[in-house]
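Reader: I have a model open and want to learn to read its side chains. Where do we start?

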Amino acid sequence: MEATTFEQIKTKFRQADTETKISIYVTTENLTQAQYTELLRLFPLHEIGRLEAALG
């Protein structure tokens, strides 16, 4: 994904509540592995089970 578009998504992700973060992470297409990893670093660790359930 283009860097400027990703930065916009990352900003939105950073400011979002957990449900919205899960939605963004699961539905955003064309992210690179590095971009997914970068978003994951911004995800609250105590909620990781909810993200895993959404991905599963």
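Reader: How many aromatic pairs does the structure hold?

Author: Keep in mind that this is a predicted model. The structure holds 1 aromatic pair. Tyrosine 25 and tyrosine 36 form that pair, with 5.3 Å centre to centre and 65° between the planes. Planes over 60 degrees apart count as edge-to-face, so this pair is edge-to-face.

Reader: Which parts of the chain does the pair link?

Author: Distant ones. Tyrosine 25 sits in helix 2 (residues 18–27), and tyrosine 36 in helix 3 (residues 33–41). The two are 11 residues apart.

Reader: Why is tyrosine 25 called buried?

Author: Buried means under 20% relative accessible area. Tyrosine 25 has 10%, so it is buried. Tyrosine 36 has 26% and is partly exposed.

Reader: Which residues make up the largest nonpolar core?

Author: The general idea comes first. In soluble globular proteins, nonpolar side chains tend to be buried together. Here the largest nonpolar core has 10 residues. They are Phe6, Ile9, Phe13, Ile22, Ile24, Tyr25, Leu31, Leu39, Phe43 and Leu51.

Reader: What does isoleucine 9 touch?

Author: Leaving out residues up to four places away in sequence, isoleucine 9 touches Met1, Ile24 and Thr28.

Reader: Lysine 21 is in helix 2. Is lysine 21 buried or exposed?

Author: Lysine 21 is buried, yet has no salt bridge. The nearest side chain of opposite charge, aspartate 17, is 8.2 Å away. A salt bridge needs the charged atoms within 4 Å.

Reader: What does lysine 21 touch?

Author: Not counting residues up to four places away in sequence, lysine 21 touches Phe13, Arg14, Ala16, Leu42, Phe43 and Pro44.

How values were computed
Residues are numbered from 1 along each chain as its sequence is written. This is a predicted model: local features need pLDDT of at least 70, side-chain atom pairs count only at pLDDT 80 or more; totals for chains, interfaces and linings use all residues. Side-chain values use heavy atoms; hydrogens and water are left out. Rings of Phe, Tyr and Trp (its six-membered ring) pair if their centres lie within 6.5 Å; planes under 30 degrees apart count as stacked, over 60 as edge-to-face and the rest as tilted. Helices (H or I, at least four residues) and strands (E, at least two) are DSSP runs, numbered from the N terminus. Buried means under 20% relative accessible area, exposed over 50%, partly exposed in between (1.4 Å probe, protein chains only). A nonpolar core is a set of buried Ala, Val, Leu, Ile, Met, Phe, Trp, Tyr and Cys residues joined through side-chain atoms within 4.5 Å. Contact means heavy atoms within 4.5 Å. Lys and Arg count as positive and Asp and Glu as negative; His and the chain ends are not counted.
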